Amino acid sequence: MSVIAPNFKFSEFVKAILDNAFWILLIFVLIGLPAVFLILFYIEMPVINGELLTPFLALTWLADPSRTLPILKAFMTTDLFKIAAFPGFGFAALIAAGTIFIERKMLAKLQLRVGPFYCGKFEGILQLMGDGLKLISKEIIIPAKADKPIFWAAPILFVATAAAFVALIPVAPGWVVADVDVGLLAVFAVIGFFPIITILSAWSSNSKYPFIGGIRALHQMVSFEIPLILSLLGVVILTGTLNLSEIVASQSNFPWIIFLPIGAIIFFITILAELERIPFDLPEAESEIVAGWLTEFSGMIYGLVQLGTYLKLYAFAALFVVLFLGGWTGPMIWPPFPEDIITNGIVLGPITAKIPGLPIFSQEMLNGVLWFVIKTMGVIFFILLPRGVFPRIRVDMLLSLGWYKLIGLAFVNIFIALGLLYAGVLGPGGIL
Amino acid sequence: MTKELLPGLALQKVDERIMTLNVGPQHPGSGHMRIIVQIDGDFIVACDPDPGYVHRGEEKMAEYRNYITNIPHLERPVIHDSCNVLYPYVLGVEELLGIEVPERAKYIRVIASELNRCVYTMYWLAIYGIFLGHSTMFMWPAGDRELLIDLLEKMTGARVTHAHFVPGGVRNDLPPNFEDVCLRQVNYFEKRIKEYAAIFYDNPILIARTANTGVLSREDAIRLGTTGSVLRASGVDYDLRKKEPYDVYEELDFQTNVLKEGDSYARSKIPWLDMMESCRIIRHALQKMPKSGSVRVKLKPNPKGKGLNSVYKRVESGRGSLGCYIVSDGKPEPYRVKLSVPSFRNLIALPYLLKGEKLGNMPSVYWSLNYWPVEADR
């Protein structure tokens, strides 16, 4: 009998471990194996050594790590992987989590405090996970007079729309979930959904402060969408395409921000407004209207809206990178994969293992992703920075900024682009 | 049968376009009070401040305690400005009991009261910052305030509720080496608050947002009976430290800050300028203070007032002129203690200022009135 755990018995401890092992095995056999088969069924199986890989064969190869690589590579080219993991939702959620951490620590340093500090051993790095767990465990309270179906649907729609936005962003050459020819038009269409969802959620909660916040959000988003679209027309004029991947490919020599700085500035200001960040956080102005259109949200519904907000932030920053900063283009800084391993194999103790199919990702792709992430984080940093140094502005100031100043400047930007095009300097058939 | 209802409960016939908002008491932008606001679109049609949520009956409590035991609870209305709240009461009791205060105690009182004014103003400024959505302006003053709180802790032993002023002087003498520490920290504090100009007071968004909003003209400021920073922001040079100097203020070198505009921006700038004057006063007082001597006159236990007598004393607190009216009837307890507080006087101007303003201006106009809800309720 120990003091720390007075009821501890070794036999029960062993029994508990064996129980757990039994259940894990049972669940793996009953659910895991069918799931693996289902996934393997949908993967387009590669032909290796003149022999088509069947799911059964693939499963026998699981015993040999070197032979699973072709399966892995085949899985990575599927749409499932693209949507769920790499250029899609998982990657964006990871960057969103990083953004929240950076935002908290950066703002804390600016305001002479430490920020999240205790959760996780290093500088409160697990604080976000703790917050998420708290939000999941909270009760979801719905106002009695709310329009319940819409109130439930709005946060889910919000996240879904943000995820759809993320799907349009090309991260590396060939790595984009939806490579559509009218990519930019699709972006405008997705952005057009946000005000509708916002006003739906605000109105359905049947409460005064969310209603005022929703109306403000509607004003703000609608009046800033016009300069947003106009500011991007310059890029479209010069590239002659709406496909985002082709827009990135057209910037292999120089990014468009060099020739269209006014458009870039307008676009940056409008994304601040679209994201409802300070100084444009009127729909969530705390001291005036509590939390604006988020007032009645609680628990994981609020968590979903926050997730959607940060996905949206990543998508807008990535769009800025794609359109004005040249996307994945940049000097090659990623080290090449050692030829030695491909030809001679790795020596692990007594064994020499030759692994066919390495490297999994090409050097160009990794380098592109690296440049893309660096540029995106830079843009996100500048989106976060105003929160520390600016107060909130007022609705009338916001509207006059959007309708009078930004739209006028956007037209100036378009004239600059047209001038460059007709002078024959840039664009299809230009000198540069 | 018509029954008199509280302002928020009365059913009023209003236009369909007008929405009534109850801002507070559970609202991040209200403080311990409620503002009933009627809005038409984005414009405020009418505004009805409804204080009284933190009424504690301080004045009635004072009638059951003797002159000394009244000290700790009379400072409760504004614990951040506790020395200044207590100041008129202590001055009044001294006059009632006929006590002469030692010279060193007067200087210590002035230093403590100026430090307290800065502590209060920093707290007020922090909330003003967060009301305008400027989170850095919330964190910086709240952090820099600690410098002066540490000084006051060294001086009085408590961080906020000091209970340091007593009839006949101050409770304790200064700790050894206090002058040097005080001078160093006050100099650093002044350097810090000058940095606020770059991030807050010179910020173009702040100026565009608060200038020309909630304009209180000079005549209206006098007519509505506002005091302190609100009055001085409207162009009236009225500071009790100059007009009716108490203790040693007439021997000290300082000036009052007056601005002509009378808008939210000027009202928010005056307390900040006053803090720099406070630093000057503290430095000068530390210079002129007698280096040794008594700080407290010994009183008889349970002192009594002389017959039926009354006295009214007032001081310039962090919010404006704060008066205390004491009536004694020869017993150990005061017959009546009446606090005339600046917060309530400034709150009177709120409905006049908010009428016709935009809803987005409500927090800045409301908090620029230098209003402390707990003090108004007493």
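## Overall form of chain B

Of the 378 residues in chain B, 50% are buried, a residue being buried if 20 or more other C-beta atoms, placed from the backbone, lie within 10 Å of its own, exposed if 12 or fewer do, and partly exposed in between. The structure is a predicted model, in which local features need pLDDT of at least 70 and side-chain atom pairs count only at pLDDT 80 or more, while totals for chains, interfaces and linings use all residues. Residues are numbered from 1 along each chain as its sequence is written, and chains are lettered from A and ligands numbered from 1 in the order in which they are written.

Chain B has 15 helices and eight strands; these are DSSP runs numbered from the N terminus, with helices (H or I) of at least four residues and strands (E) of at least two. The radius of gyration of chain B, 21 Å, is close to the 21 Å that the globule rule gives for 378 residues, so chain B is as compact as a globular protein of that length. The radius is taken over C-alpha atoms, and the rule is 2.2 Å times the number of residues to the power 0.38. Along the principal axes, the C-alpha atoms of chain B fill a box of roughly 70 × 60 × 35 Å. Among contacts in chain B with a separation of 6 or more, 72% join residues 24 or more positions apart; two residues are in contact if their C-beta atoms, placed from the backbone, lie within 7 Å.

One open sheet of chain B has three strands in the order 1-2-3, with antiparallel pairing; two strands pair if DSSP finds at least two bridges between them. Strand 1 and strand 3 (43-50) of chain B are the edge strands, each pairing on one side only. Neighbouring strands of this sheet are turned by 20° against each other on average, direction ignored; the axes behind such angles are lines fitted to C-alpha atoms, for helices over the stretch in contact, and angles run from 0 to 180 degrees between N-to-C directions.

Strand 1 and strand 2 of chain B are antiparallel and joined by six bridges, with I18(B) opposite D40(B) in strand 2. Strand 2 (residues 34-40) of chain B also pairs with strand 3 of chain B over seven bridges. Here I35(B) faces P49(B) and I36(B) faces D48(B), both partners lying in strand 3 of chain B. The hairpin of strand 2 and strand 3 of chain B has two residues between the strands, and G41(B) takes a positive phi near 70° in it.

Nine bridges connect strand 6 and strand 7 (residues 321-329) of chain B, where E316(B) stands opposite S321(B). Strand 7 and strand 8 of chain B are joined by five bridges, and I326(B) has V337(B) as its bridge partner in strand 8. In the hairpin of these two strands of chain B, which has six residues between them, G330(B) adopts a positive phi near 85°.

## The nonpolar core

The largest nonpolar core has 199 residues. Such a core is a set of buried Ala, Val, Leu, Ile, Met, Phe, Trp, Tyr and Cys residues joined through C-beta atoms within 7 Å. Helix 4 of chain B gives the most to this core, with 19 residues. In soluble globular proteins, nonpolar side chains tend to be buried together.

V166(A) is one of the residues with the most contacts inside the core. Beyond its neighbours within four places in sequence, V166(A) is in contact with G88(A), F89(A), A92(A), L311(A), Y314(A) and A315(A).

## Where the chains meet

In the contact between the chains, 27 residues of chain B meet 24 residues of chain A. Strand 1 (18-23), helix 4 (103-131), helix 5 (135-156), helix 7 (204-210) and helix 14 (362-368) of chain B each supply at least two residues to the side of chain B that touches chain A. Helix 5 of chain B provides the largest share, five residues. This side of chain B has 15 nonpolar, nine polar and three charged residues, where Ala, Val, Leu, Ile, Met, Phe, Trp, Tyr, Cys and Pro count as nonpolar, Asp, Glu, Lys and Arg as charged, and the others, Gly among them, as polar.

F131(B) belongs to helix 4 of chain B and counts as buried, with 26 C-beta neighbours inside 10 Å. Not counting residues up to four places away in sequence, F131(B) touches S287(A), G29(B), P363(B), S364(B) and W367(B).
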